[in-house]
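Welcome, and thanks for taking a look at this one with us. Please have the sequence and the 3D view open side by side as you read.

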Amino acid sequence: MDGLFTYESEIARLNASGRLAERLVPVRPDGAVAARYTLRPLLEPRTREAGERLSRLTGLLLAGDTQRRIAELTHRRPGAPGVEPPGALAGPVLRPLDVPEDQYVVNRLVDAYLGRYRYDARMLFLLNVSGSMRGVRLERLREAAVRLAGAPLADTPAVGDMHLIFVPFGARPGELRQIRLSGWAPANVEGEVRALMGGLVPRGEAAIYDALVAGYRELGGFHEEDRVVSVILITDGSNGRGRDLDGFLRHRAALAPGLRAVPVYPVLVGGAGESEMRELADRTGGRVLDARGESLAEEFLTARAGR
């Protein structure tokens with residue numbers, strides 16, 4: 001990383017620890033945000049005696065000798081005027097900066113700061129709607145798609161837009177649908193995805209690996225600077241037509257490096273072909289997820305962060 005926002009006392013403490021091969025350099029371009037901690041709980045219950053004790057404690061803590069001792073032990077700036085900060089924090093007096101109290105303001109500030117690093121992230125959902133998916137498996141597919149589509153909102157900072165691309169498939173890929181989540185505006189992701197899932201009708205056999213080839217071809221049409229997050233394959237694992245796993249892997253080996261780096265996360269809604277789905281995940285850098293688990297979205301975020 002290029003930088004870290006933290007208490008300057010933590011930086012000073014690390015520099016003084018002797019554990020660093022290279023000292024950290026604190027950068028304070030505009031000032032400092034001050035942290036204040038109230039002693040008001042010591043006034044409970046509110047009595048005259050409690051007020052007097054709190055006044056004596058405050059006087060003791062703000063005394064010059066106490067302030068110097070606290071600063072030496074904690075590497076924090078003295079809170080009393082006239083007391084010099086420890087050597088690690090020596091320099092001009094920092095201008096105090098106000099802390100925004102509105103989360104919306106914080107989000108806008110972070111987004112503006114990261115503005116020049118904005119990118120569009122993408123998640124491609126391949127939805128197996130073959131005949132073997134009738135009944136409870138199709139319901140699991142719908143619920144898994146809803147939960148996973150909402151996962152980026154809990155994981156991705158508001159930089160750029162998130163594109164959710166849905167491609168149902170049986171013997172061949174169906175019509176592509178896309179939901180775009182703006183980094184600035186809230187979205188009813190669950191409602192939109194549920195409406196899209198409601199129109200799925202299972203029929204025919206499943207050509208899983210042909211659908212993956214079509215999915216990678218779709219991703220190849222985006223600009224190179226776009227960041228592809230992952231391919232999510234929701235299936236029962238049963239491949240009835242077209243390419244087999246080896247055929248898909250040969251095709252994938254010929255793709256551009258950026259596309260070869262895109263992981264596949266098979267999300268199983270049935271038990272067929274589980275070992276083959278695990279091999280698919282291993283060979284592409286993804287991980288198999290179980291749609292029957294309650295923590296599906298959390299598992300996906302954990303798997304994606306660890307790859």
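Helices here are DSSP runs of H or I with at least four residues, strands are E runs of at least two, and both are numbered from the N terminus. With that naming, His-75 is found in the loop between α3 (64-74) and β2 (96-97). Please keep in mind that this is a predicted model. The points below go from that histidine to the salt bridges, the nonpolar cores and the surface.

**Around His-75**

- Is His-75 buried or exposed? Its relative accessibility is 16%, and because buried means under 20%, His-75 counts as buried.
- Leaving aside residues up to four places away in sequence, His-75 touches Ser-9, Ala-12, Arg-13, Ala-16, Ile-70, Pro-86 and Leu-89.
- One of these contacts, Arg-13, also takes part in a salt bridge, with Glu-10 as its partner.

**Salt bridges**

- Side chains of opposite charge can pair when their charged atoms come close. How many salt bridges are counted here? The count comes to eleven.
- Arg-13 and Glu-10 meet at 3.0 Å, N to O. Both lie in helix α1 (residues 8-17), three residues apart, which is about one turn of the helix.
- Arg-13 has 32% relative accessibility and so counts as partly exposed; Glu-10, at 31%, also counts as partly exposed.
- In helix α2, Arg-48 and Glu-52 are four residues apart, again about one turn of the helix. Their side chains form a salt bridge at 3.4 Å, N to O.
- Arg-48 counts as exposed because its relative accessibility is 68%, while Glu-52 is partly exposed at 38%.
- Asp-236 pairs with Arg-137, and the closest N and O atoms of this salt bridge are 3.0 Å apart. Asp-236 lies in the loop between β6 (227-235) and α8 (245-253) and Arg-137 in helix α5 (residues 136-155), so the pair ties together parts that are 99 residues apart in sequence.
- Asp-236 has 0% relative accessibility and therefore counts as buried, whereas Arg-137 is partly exposed at 26%.

**Nonpolar cores**

- Which members of the largest nonpolar core touch the most other members? Of its 33 residues, they are Phe-125, Leu-164, Phe-166, Val-193, Met-197, Ile-234 and Val-267.
- At least two residues of this core come from each of β3 (121-128), α5, β4, β5, α6 (189-197), β6, β7 (264-268) and α11 (296-306). Helix α5 supplies the largest share, seven residues.
- Val-267 touches Ala-144, Leu-148, Ile-232, Leu-233, Ile-234, Thr-235, Leu-289, Ala-291 and Leu-296, with residues up to four places away in sequence not counted.
- Another core lies apart from this one and has 27 residues, among them Leu-126, Leu-245, Leu-249 and Val-288.

**At the surface**

- Leu-39, Leu-42, Leu-61, Leu-62 and Ile-70 make a nonpolar surface patch of about 380 Å². Ile-70 is also one of the residues that His-75 touches.
- Arg-172 sits in the loop between β4 (162-169) and β5 (177-181). With 61% relative accessibility, Arg-172 counts as exposed.
- Although Arg-172 and Ala-211 are 39 residues apart along the chain, their C-alpha atoms are separated by 6.7 Å.

Terms used
Residues numbered from 1 in each chain as written. Predicted model: local features only at pLDDT ≥ 70, side-chain atom pairs only at ≥ 80, totals over all residues. Heavy atoms only, no water. Patch = residues over 30% accessible without salt bridge, like charges linked within 9 Å, V, L, I, M, F, W, Y side chains within 5 Å. Areas by Shrake-Rupley, 256 points an atom, 1.4 Å probe, with all protein chains shown as cover. Salt bridge = Lys/Arg side-chain N within 4 Å of Asp/Glu carboxyl O. Buried < 20%, exposed > 50% of the residue type's maximum accessible area, 1.4 Å probe, protein only. Contact = heavy atoms within 4.5 Å. Core = buried A, V, L, I, M, F, W, Y, C linked by side-chain atoms within 4.5 Å.
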